[in-house]
Amino acid sequence: MPNIRARLLAVLVVLLGSLTVAGSPPATAATLPFDGTALTVSDGRFTDGHGREVVLRGYNVSGETKLAENGGLPFASVADARKSATALRALGGGNSVRFLLSWAYAEPVRDQVDTAYLSAATAQMRAFLDAGIRVYPDFHQDLYSRYLFHAGSWYTGDGAPKWAVDAGNYPDEFCGICLFWGQNITQNEAVKRATYDFWHNAHGLQDAFLTTARKTMTYIRQNVTAAQFAGVVGFNPYNEPHAGTYDSGQTSRTWERDVLWPFYEKFRARMDEAGWQDKPLFAEPNLFWNANLDFQRQEGGLLDAGMLGPRYVFNTHFYDQKAISGIFMWGKAADGQYAGDFGKIRDRASATRTPAIVSEFGHPLSGPVADKAPTVLKAMYQALDSRVPGARWWSNPAGSGPVLSGTQWQWDIYNGRHHELMNGNPDKVLTAGDAWNDEDLSAVRLDDSGTPVLRQDARLVDRLYPSATSGTTVAFTYEDRSRDGSTTLTWNPVPSSLPNVARLVGTGQYGLLLWRSSGASAPTELHLPASFPTGATTVVSDLGTVHAPPEYTPSTPIAVAAEPGGTGSRRLLLTDRDSGVLHYALVTNGASAPAADLLDAARSELATWAARQ
């Protein structure tokens, strides 16, 4: 999580976008023959049962799990979970969530798993699975445990249960001169010692956690249907791991090799015992391995773990600590801002022969650096899509690298409506933002009628992306035309060398996918944002040209269909019937009833351009 502290500063709530789920198309369940298969890891990619390359995009659900107000659950009720899932699909464009769980509530008494908590969490998880959203659970922690912090503390944590803290006889927590909550990780002696004890299994802490994790995974598997379990992608064992304190002579790299990786191997064994043997473990490196502040960065990235696929996924976070600090980056993000940072993630995943997922990224939406959020998030999504900046993409699409999976932090419908007693203190009731260490990053909130509404520009978060590619993605880009205040941000204009493509796109949004076919039995799918209604969508492809694509049939090369789950969200389906052939598809909402000669001219330009790549 980002280290943001807005103490003594007025809170400026940035409410970008006003879309709600009201007025969405009627929800009708849609399942096509190629829907609903489990994901596996193959050749460094997520793949479905039809061999298609899958990209996971969505959100963390949610920071509410860190709080006590709903007993360590993401939602107060299953009804709220369903409401959130529908909005996440229809407004946020997500096809997956990182679903937070709490060790403190799963095992409040040592060696006694609370099945009531697991039952409630699993019921809420099912709400997302039934909405066609893939899930990977995460046993979350920050600063080890809330029980390390006293009632009057300026900070709090989450994760380990009270009995685990009581076992350690830790000193009173104290961070010294800490402006950001994350400084507790390396400056608060209580946090450091407790974290160290966990990794070294003092008092049997790690053994207890692993046992609870096995029981949790067994419970989930036994209490969802086979179809629902197919939507469970894998498991994230531990959020943002750090040593706490290094032993004499130990480095961050050797800690990953000698302490962190053996823990993952033990957790992997518990997954197998629980019936999760076909699902990957989402393995996070030392959280500081890719910090963009030089004095924070530590050597790591699971450099000594060898080949991770197919049993592990390279799982990492990225926050722009320079931008969040308000000191080390004064201006706003620009085109290609994070191409190098996300390129490093691609390179580590490629070296380990497994897919990468950026399971947390985001930026504060209120406070002194909130003005950077529109550009920071645009640049992060751009870097997920391609490692090539927009200004150079058309001249070097093959340099894009794989499209990265990612889950934004976060999706909390209770944002700004909390009632959290911080560290159990009735005199410190938190209601604003995320109600946790002054954070405010949720992309969603409830309006006064109880309807989910976006807090960020819909054009930024509800994005066109290749959710399933029948073959191998060669390159992808998406120009979302998102806004920074009243300014429309265009970082990837169509070049003047393609005048008819530029005319077709106009001032609209567009995406362009290049892929090499594999003869798979299912079509390529792209999520269609709400800003791409069928009547305004134009597709120019070697498979054909069409404005207002028809409903899907197996014999229709370019078509649309509802996404699974009945939330009203939609997808574009592109069907090829060959193998080893390079295909392209431009998708735009920039033209109203374009003439046939314009479509033909744009197709000719794209065909010539694609042949050169």
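**Core, pocket and helix**

Tutor: This is a predicted model. The largest nonpolar core has 111 residues, and those touching the most other members are F128, Y144, F263, F267 and W411.

Student: Which residues does F263 touch, not counting residues up to four places away in sequence?

Tutor: F263 is among the core residues that touch the most other members. With residues up to four places away in sequence left out, its contacts are F198, W199, Q206, F209, L210, P237 and Y238.

Student: How many residues are in the second, separate core?

Tutor: This core is separate, and its members include W393, L498, A602 and L606. Its residue count is 22.

Student: Which element supplies the largest share of the lining of the largest pocket?

Tutor: The pocket has a volume of about 600 Å³ and is lined by 31 residues, with D35, G36, G132, R134 and P564 nearest its centre. At least two lining residues come from each of α3 (115-130), α8 (226-230) and β15 (465-469). The largest share, 3 residues, comes from α8.

Student: How do the lining residues of that pocket divide into nonpolar, polar and charged?

Tutor: The lining has 31 residues. They divide into 11 nonpolar, 11 polar and 9 charged.

Student: Why is helix α12 largely enclosed by the rest of the structure?

Tutor: α12 covers residues 373-385 and reaches 18 Å from its first C-alpha to its last, close to the 18 Å expected. Buried means under 20% relative accessible area. The helix is largely enclosed because the number of its 13 residues that are buried is 13.

Technical notes:
Residues numbered from 1 in each chain as written. Predicted model: local features only at pLDDT ≥ 70, side-chain atom pairs only at ≥ 80, totals over all residues. Heavy atoms only, no water. Core = buried A, V, L, I, M, F, W, Y, C linked by side-chain atoms within 4.5 Å. Buried < 20%, exposed > 50% of the residue type's maximum accessible area, 1.4 Å probe, protein only. Contact = heavy atoms within 4.5 Å. 1 Å grid on protein atoms, 1.4 Å probe; cavity = no way out; pocket = protein on both sides within 12 Å on 5 of 7 lines; lining within 4 Å. Points joined across faces, edges and corners; volume = space filled by probe spheres on them. Helix = DSSP H or I, 4+ residues; strand = E, 2+ residues; numbered from the N terminus. Nonpolar A, V, L, I, M, F, W, Y, C, P; charged D, E, K, R; others polar. Expected span 1.5 Å × (residues − 1).
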